Amino acid sequence: MPASKRDQLLATAEQLFHEQGFHATGIDRIVAAAGVVRMTLYNHFASKEALVAAVLGARHERFIASLDAAVASASPGQATLALVDAHGDWLERFSQHGCIMAKAMGEFAEHSPSLHALAATAKIDLLGRLEAALVRDGLDHHAGLARRLFLVLEGSNTAVALLESQTALADTRTVVDTLLERARSETQ
């Protein structure tokens, strides 16, 4: 089934924003790459800002769904590692140019508080997922562990764009394993 024009615009805009940046990607470039006319874009999105918000929202929903599915199918005591592995898989498959939410936070910090807040909320959502995974694994009482894991994952967002992705993700997993082993040993 062919994608709707709206879905086509979202996919095209997401790819261009991710590869080239939000401000560097104009409406003309998006409609040309999507193979639609400008009016089609404005029939679906009132403005470029509305398009950016829709792209960020749709991408975040897909990302969170992938994390939630991994955690839901994790073996007992393995929810956090399942989330970390799902994050790594996402980076390898969809984020070779770094994190689109971090890009949005950087580009919109002064230009659009609402878009900046949308991207920041996505980051807070990831931190919340880490906290929930630690609870499921019985490690929630380790103060700051979710925050430290979050910092490692955020670092991997940048590292995959700079290092070979396998190296960045293997190093991420090593640091996460070390943090979790330490937390488990402190529990015993």
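**View A. Asp177 is partly exposed, with a relative accessible area of 23%.** The model shown here and in the other views is predicted. Arg173 is also partly exposed, at 27% relative accessibility. The two side chains, Arg173 and Asp177, meet in a salt bridge. From N to O, the distance is 2.8 Å. Both residues sit in helix α9, which covers residues 165–187. Why are Arg173 and Asp177 separated by about one helical turn? They are four residues apart in that helix, so about one turn lies between them.

**View B. Glu186 pairs with Arg182 in a salt bridge.** Their closest N and O atoms are 3.8 Å apart. A salt bridge needs such atoms within 4 Å, so this pair counts. This pair, too, belongs to helix α9. Glu186 and Arg182 are four residues apart, so about one helical turn separates them. Are these two residues buried or exposed? Both Glu186 and Arg182 are exposed.

**View C. Asp125 and Arg129 join their side chains in a salt bridge.** The N to O distance is 2.5 Å. The setting is helix α7, residues 113–136. Asp125 and Arg129 are four residues apart there, which means a separation of about one helical turn. Asp125 has 24% relative accessibility and counts as partly exposed. Arg129 has 23% and counts as partly exposed as well. Buried residues fall under 20% and exposed ones lie over 50%, so both values land in between.

**View D. Glu14, Arg59 and Arg62 form a network of salt bridges.** Here three residues are linked. Side chains of opposite charge can pair when their charged atoms come close.

**View E. The whole protein puts the close-ups in context.** How many salt bridges does a search of the whole structure find? The search finds 10. The secondary structure comes to nine helices and zero strands. Along its principal axes, the C-alpha trace spans about 65 × 35 × 30 Å. Of the 188 residues, 44% count as buried. The accessible surface is about 9,500 Å², and carbon and sulfur atoms hold 57% of that area. Now take the contacts between residues at least 6 apart in sequence: 69% of them join residues at least 24 apart.

Definitions and conventions:
Residues numbered from 1 in each chain as written. Predicted model: local features only at pLDDT ≥ 70, side-chain atom pairs only at ≥ 80, totals over all residues. Heavy atoms only, no water. Helix = DSSP H or I, 4+ residues; strand = E, 2+ residues; numbered from the N terminus. Buried < 20%, exposed > 50% of the residue type's maximum accessible area, 1.4 Å probe, protein only. Contact = heavy atoms within 4.5 Å. Areas by Shrake-Rupley, 256 points an atom, 1.4 Å probe, with all protein chains shown as cover.
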